[in-house]
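I opened a new notebook page for this chain. I wanted a first look before reading anything else about it.

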Amino acid sequence: MSLLNRVQQAGGQLDAGALYQSFGTLVRVNGMVLTVAGGQYTLGQRYQVEMQDGQWVEAEVVGFDREQAFLMPLTNASALTTGARVKPQLNATALTVSRALLGRVVDGLMQPLDGGPALTKGEHISSQLVAVNPMQKKGVTTPLDVGIKAINGLFTVGQGQRLGLFAGSGVGKSKLLGMMTRFTSADVVIVGLVGERGWEVKDFIEHSLGPDGMKKAIVVAAPADQSPLLRMRSAELAHRLAAWFRDQGLHVLLLVDSLTRYAQAQREIALSVGEPPATRGYPPSVFSKLTQLVERAGNSSDSSGSMTAIYTVLAEGDDQQDPIADAARAILDGHVVLSRELAERGHYPAIDIGASISRVMPNIVSEQQLKSCYSLKRLYSRYQQVQELIPLGAYQAGKDSELDRAVALYPKIEQFLCQGLNEQVDFSQTEQQLATLVAQHA
């Protein structure tokens, strides 16, 4: 072999490296927002900012003004200096997903929080949420068993439905989510804990989920002390993982706690970059982000799987007219309201059946179950009309047969609506118990 051929062969084995790298410059820090000058920046792109100790912190572009870009760190960035270098992060939006994720706890960047090994093997996908063409969305036609009598019987959840769980703080919504995770018939459960207190994340995993619930679950957690950007990304990551498992032909239940804290994180970001507040301090982009997030859930005609989503909505001070609660009711396919009054009486799950509804239920259950559901709701409503009169002796039986029936059946109705934390009732059992209950005293 000639010398020229050997040189050419050796040259072909060399990797072509970058001849130069362009850096931006950190010129201002205002609260959580980093102002960077120099270079060209793309909205939503990830960058790295050099800190005083030589480490690099991840940040994301959240806005720009003329030649300056506004970045927000994804993690703690307390050691920044004037003139710090800023460089783009390559392959920042790539995710490695596989069924090995089941049973794991990760953060919004897919980094393990459970002390387990890094997730390096699997299919590489983009972290960007993929919108489904409206004409390719598949309707909700099949019930999903969540193991809760009151929901299975009166507010049946369908495979592919988006349901809201509305509640104030401390009325049992986390316990209810844990029961659904353990008892559901779904193949995979994705749990997004957005903005929770740090100790609640571990408590939810150990007590609400338990070992049985974790076997088919993936928990994406971003506690309240993390960056608002990371809190948003954790909710979006939960949706992306759920969509991937759906596209594998599996039935997925996505639980996000909570949609309110996702909106609050977006509010922090929007106000930081100068967007004016509108409704009760929420900038317009918050409501746009809510719709974009929720519309990523549902079924696709390209897959035999399903993606059902249940979002908790924290009604501040139990105010059902809170702007986020009001917006969520408009974009979701039903809502279950938890009542503080019922919770204080020891009624669990504390579901207010008069204020709750499932919009897809009439299309996915039998006529008999629908008839039984309406009968029970009517009897429950009639009893509420005279509930305060009974202890006073002001109620007189015999004047209204339906009202008399409601009073006679109420103890059994309340027994049907209550359920222990470790008590599982499947869909067929619920349907049978409901039919037997409303048939009494008919």
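My entries below go from the whole chain to single residues.

**Ground rules.** I am working with a predicted model, in which local features need pLDDT of at least 70, side-chain atom pairs count only at pLDDT 80 or more, and totals for chains, interfaces and linings use all residues. Residues are numbered from 1 along each chain as its sequence is written, and side-chain values use heavy atoms, with hydrogens and water left out.

**Whole chain.** I looked up the secondary structure and found 13 helices and 18 strands. Both are DSSP runs numbered from the N terminus: helices are H or I with at least four residues, strands are E with at least two. The C-alpha trace spans about 105 × 55 × 40 Å along its principal axes.

How many of the 442 residues count as buried? The share is 50%. Buried is under 20% relative accessible area, exposed is over 50%, and partly exposed lies in between (1.4 Å probe, protein chains only).

I checked the surface next. The chain exposes about 20,700 Å², with 49% of that supplied by carbon and sulfur atoms. These areas come from the Shrake-Rupley method with a 1.4 Å probe.

Then I looked at contacts, meaning heavy atoms within 4.5 Å. Among those between residues at least 6 apart in sequence, 72% join residues at least 24 apart.

**Cavity.** The structure holds 1 cavity of 30 Å³ or more. A cavity is a set of points on a 1 Å grid over the protein atoms alone where a 1.4 Å probe fits but cannot get out; lining residues have an atom within 4 Å of a point. The largest cavity has about 40 Å³ of space. Its volume is the space filled by probe spheres set on the points, which are joined across faces, edges and corners.

Which residues line the largest cavity? I noted L129, V130, H239, R240, A243, R296 and M307. Helix α5 (residues 228–247) gives the largest share of the lining, 3 residues.

**I148.** I found I148 in the loop between β10 (137–138) and α2 (149–154). I148 counts as buried because its relative accessibility is 0%. Leaving out residues up to four places away in sequence, I148 touches L176, M179, M180, F183, P349, Q419 and V425. S356 is 208 residues from I148 along the chain, and their C-alpha atoms are separated by 15 Å.

**Cis bonds.** P349, one of the residues that I148 touches, has its own entry. The peptide bond from Y348 to P349 is cis, with omega near -5°. P349 sits in the loop between α9 (340–344) and β18 (357–358). I also noted a cis bond from D257 to S258, with omega near 10°. S258 lies in the loop between β14 (251–257) and α6 (259–272).

**Positive phi.** R66 is not a glycine, yet its phi is positive, about 55°. I placed R66 in the loop between β4 (56–65) and β5 (68–73). Is R66 buried or exposed? R66 is exposed, because its relative accessible area is 71%.

M110 also has a positive phi without being glycine, near 65°. M110 is in the loop between β8 (105–106) and β9 (123–126). With a relative accessible area of 9%, M110 is buried.

Terms used
On a 1 Å grid over the protein atoms alone, a cavity is a set of points where a 1.4 Å probe fits but cannot get out, and a pocket is an open set with protein on both sides within 12 Å along at least five of seven lines; lining residues have an atom within 4 Å of a point.
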